[in-house]
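Here is a friendly walk through the side-chain contacts and the sheet of one model. Have the viewer open as you read.

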Amino acid sequence: MKFFRMFFIVFVAVTLFFTLLYKFVNPPLTPLMAQRFVEQIFDEEKEVRFKRDYVPIEDISPNLINAVVASEDGKFMQHSGFDFEELERSYKSNKANKGKKIRGGSTISMQTAKNAFLFPHRTYVRKAFEAYFTKLIELMWGKKRIMEVYLNIIEFGDGIYGCEAAAQHYFNKSAKELTKTEAAQLAVSLPNPRKFNPDNRTQYFNKRVRTIKARMYKVDLSKKTKPKK
């Protein structure tokens, strides 16, 4: 019993320390980055590639902020980490279509927690840790920092992490200069960026880009995610 109590105390202390640290310091490496890098090394058919450049949210185009919210999490500014209505719809959809394409219900906060702290394996234990870290970053970081970290660590292609590296790779420009169309293309790629990305635009991909662009006109979070003057 004493061992478990000590383990719990150490676990909470360590997780609180790193969550607080990442409020001010960008994660130097995420579990997913490490996993992908190892996969590339042992896959002779793949090029070993690692592109990542951190930029502050002030140097990220509002178009991209609007695009990822329109694509991934329309209630980002309203929820406290979890969109329970979307999670319920996702559960019912996946239960009714067992064995088919899985519908995700993760918010941007949940995706940020998963990518910053956890490996991407689908287990109930990992989901529990994901929920724990989601609440921590919502309480300790706030929406602006969550969005900033999310856009700097998310995978945008094979060996491409963060919006600055993605903008340079796909469009030869900085993340600050992304147009609405370019931002929508990056946002659409997020569910499966190694399969669908601006270098591999299918008819479905282009249709989704048009849909996200239409939604972007109803979203304007740039002022809310920028620091107050």
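## Salt bridges

A salt bridge here is a side-chain nitrogen of Lys or Arg within 4 Å of a carboxyl oxygen of Asp or Glu. This is a predicted model, in which local features need pLDDT of at least 70 and side-chain atom pairs count only at pLDDT 80 or more, while totals for chains, interfaces and linings use all residues. Residues are numbered from 1 along each chain as its sequence is written, and side-chain values use heavy atoms, with hydrogens and water left out.

The structure holds eleven salt bridges. One of them joins R36 and E155, with N and O 2.8 Å apart. This pair links distant parts of the chain, since R36 sits in helix 2 and E155 in strand 2, 119 residues apart. (Helices are DSSP runs of H or I with at least four residues, strands are runs of E with at least two, and both are numbered from the N terminus.) R36 is buried at 13% relative accessibility, and E155 is buried at 7%; buried means under 20% relative accessible area, exposed over 50%, and partly exposed in between, with a 1.4 Å probe and protein chains only. R36 and E155 also belong to a salt-bridge network with E39 and R194.

Within helix 6 (residues 124-140), E130 and K127 lie three residues apart, about one turn of the helix. Their side chains meet in a salt bridge at 3.3 Å, N to O. E130 is buried at 2%, whereas K127 is partly exposed at 36%.

## A lysine with two contacts

K143 forms a salt bridge with E138, the closest N and O atoms being 2.9 Å apart. K143 also lies over the face of F76, at 4.6 Å from the ring centre. For such a contact, NZ of Lys or CZ of Arg must be within 6 Å of the ring centre and within 35 degrees of the ring normal.

## Aromatic pairs

Rings of Phe, Tyr and Trp (its six-membered ring) pair if their centres lie within 6.5 Å; planes under 30 degrees apart are stacked, over 60 edge-to-face, and the rest tilted. By this rule there are twelve aromatic pairs. F17 and F18 make an edge-to-face pair, 5.2 Å centre to centre with 80° between the planes.

## The sheet

Two strands pair if DSSP finds at least two bridges between them. An open sheet of three strands runs in the order 1-3-2, with mixed pairing. Strand 1 (51-52) and strand 2 (155-157) stand at the edges with a single partner strand each, so one side of each has no neighbour in the sheet.
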